[in-house]
Protein chains: 2
Amino acid sequence: MTHVLEPELLTREAFAPFGEVIEAEGARHYPINDGTTQRFHDLARVDVAAQDGVALISIFRGSARPRPIRLSLMERHPLGTQAFYPLSHHPWLVVVATGDDPLDADALLCFAAGGRQGVSYRAGVWHHPLLVLESVQDFLVVDRGGPGDNLEERRFAPGDPVLIAL
Amino acid sequence: MTHVLEPELLTREAFAPFGEVIEAEGARHYPINDGTTQRFHDLARVDVAAQDGVALISIFRGSARPRPIRLSLMERHPLGTQAFYPLSHHPWLVVVATGDDPLDADALLCFAAGGRQGVSYRAGVWHHPLLVLESVQDFLVVDRGGPGDNLEERRFAPGDPVLIAL
């Protein structure tokens, strides 16, 4: 049976159960550097210390999937947060599971993130791998390296496609 | 006496004594997410654990200083790394001290960073606060929060201006 997800607007409030939205818009800030810089402070907290983890800064270069976009799998990182911030100003998509079964299509949420909105997934939050809308989009990523198994994946069954309405 | 710094090109090699250059260009990468994403992995390591520090993700909105740009002060963060990545694609400037005296104008280096180049300053590296060239430029910043004194500053004397040749 085919499921179709309708993207909804990404807001701090709607995303709060899953992590943090990283955006200057609407965030508290204060002047530093003799007033030449505004610091939008502590928009997301990096939490990767479990099992001697370290935080890494990487760049992810995502390429667009064929339309209609079909979800491939859900994943989670039990040992740490994973943050994405777009380096172009194009919108992109965030899919998270609201329940314990990441393949339950009725329990998925799809957010349309703006080009100046990043997210940080809390440790253990089921999410879909990077979904971009332009042919190529780069993201700055802060996630965990170190010992331990920090990746779980569950793949959608071929006969039960989950599509995104776009 | 007036000193004038000539910006030089920012490269991984030239910046190695001070930290890491964060850029996809020329970095090793590998496919993830069923081949839809290239991961430019571990471009910089976040090192903020001293004295129970935590890593924070913030946005800095820098505004241009009057030309010619005159250095105001040097600072360092003894307890952790501080990483900057530009969110527009405009060039910006990085100034570091090569010796123990951050106010010794003969021992300063100025790098012209491209709009797709970030840097991570190693803990304890003397550097100038954010220097942008456009009227307003945003940066994603990963640095340290937590207990302890993580900021030292030294201000240039009014009578000994250090300018940047632009």
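**Reading a two-chain model**

Reader: In which sense do strand β5 (residues 37–46) of chain A and β6(B) pair, and over how many bridges?

Author: Strands of a sheet pair through backbone hydrogen bonds, either parallel or antiparallel. Here β5(A) and β6(B) pair in the antiparallel sense, over 7 bridges. Two strands count as paired if DSSP finds at least two bridges between them; strands (E, at least two residues) and helices (H or I, at least four) are DSSP runs, numbered from the N terminus. Within this pairing, R39(A) has F60(B) in β6(B) as its bridge partner.

Reader: What should I know about the model before reading on?

Author: This is a predicted model, in which local features need pLDDT of at least 70 and side-chain atom pairs count only at pLDDT 80 or more, while totals for chains, interfaces and linings use all residues. Residues are numbered from 1 along each chain as its sequence is written, chains are lettered from A and ligands numbered from 1 in the order in which they are written, and side-chain values use heavy atoms, with hydrogens and water left out.

Reader: How many residues of each chain are in contact, and how much area do the chains bury between them?

Author: Chain B places 42 residues in contact (heavy atoms within 4.5 Å) with 42 residues of chain A. The two chains bury about 3,600 Å² between them, 58% of it on carbon and sulfur atoms. Buried area is the accessible area (1.4 Å probe) lost on putting two parts together, summed over both.

Reader: How many salt bridges does the rule find across the interface?

Author: Side chains of opposite charge can pair when their charged atoms come close. The rule asks for a side-chain nitrogen of Lys or Arg within 4 Å of a carboxyl oxygen of Asp or Glu, and across this interface it finds 4 salt bridges. One salt bridge joins the side chains of D143(A) and R39(B), at 2.8 Å, N to O. On the side of chain B that touches chain A, the elements giving two or more residues are β5 (37–46), β6 (54–63), β7 (73–76), β8 (82–86) and β13 (136–145) of chain B.

Reader: What is the strand order of the open sheet in chain A?

Author: Its 4 strands run in the order β2-β10-β9-β12, with mixed pairing. The edge strands, each pairing on one side only, are β2 (8–9) and β12 (131–132) of chain A. Strands β2(A) and β10(A) (residues 108–113) run parallel and are joined by 2 bridges; L9(A) has A112(A) as its bridge partner in β10(A).

Reader: Where are the cis peptide bonds and positive phi values?

Author: Most residues other than glycine have a negative phi, and most peptide bonds are trans. The bond joining R67(A) and P68(A) is cis, with omega about -10°, and P68(A) lies in the loop between β6 (54–63) and β7 (73–76) of chain A. In chain B the bond from R67(B) to P68(B) is cis too, with omega near -5°. As for positive phi, Q51(A) has a value near 50° and lies in the loop between β5 and β6 of chain A. D42(B), with phi of about 60°, is found in strand β5 of chain B.
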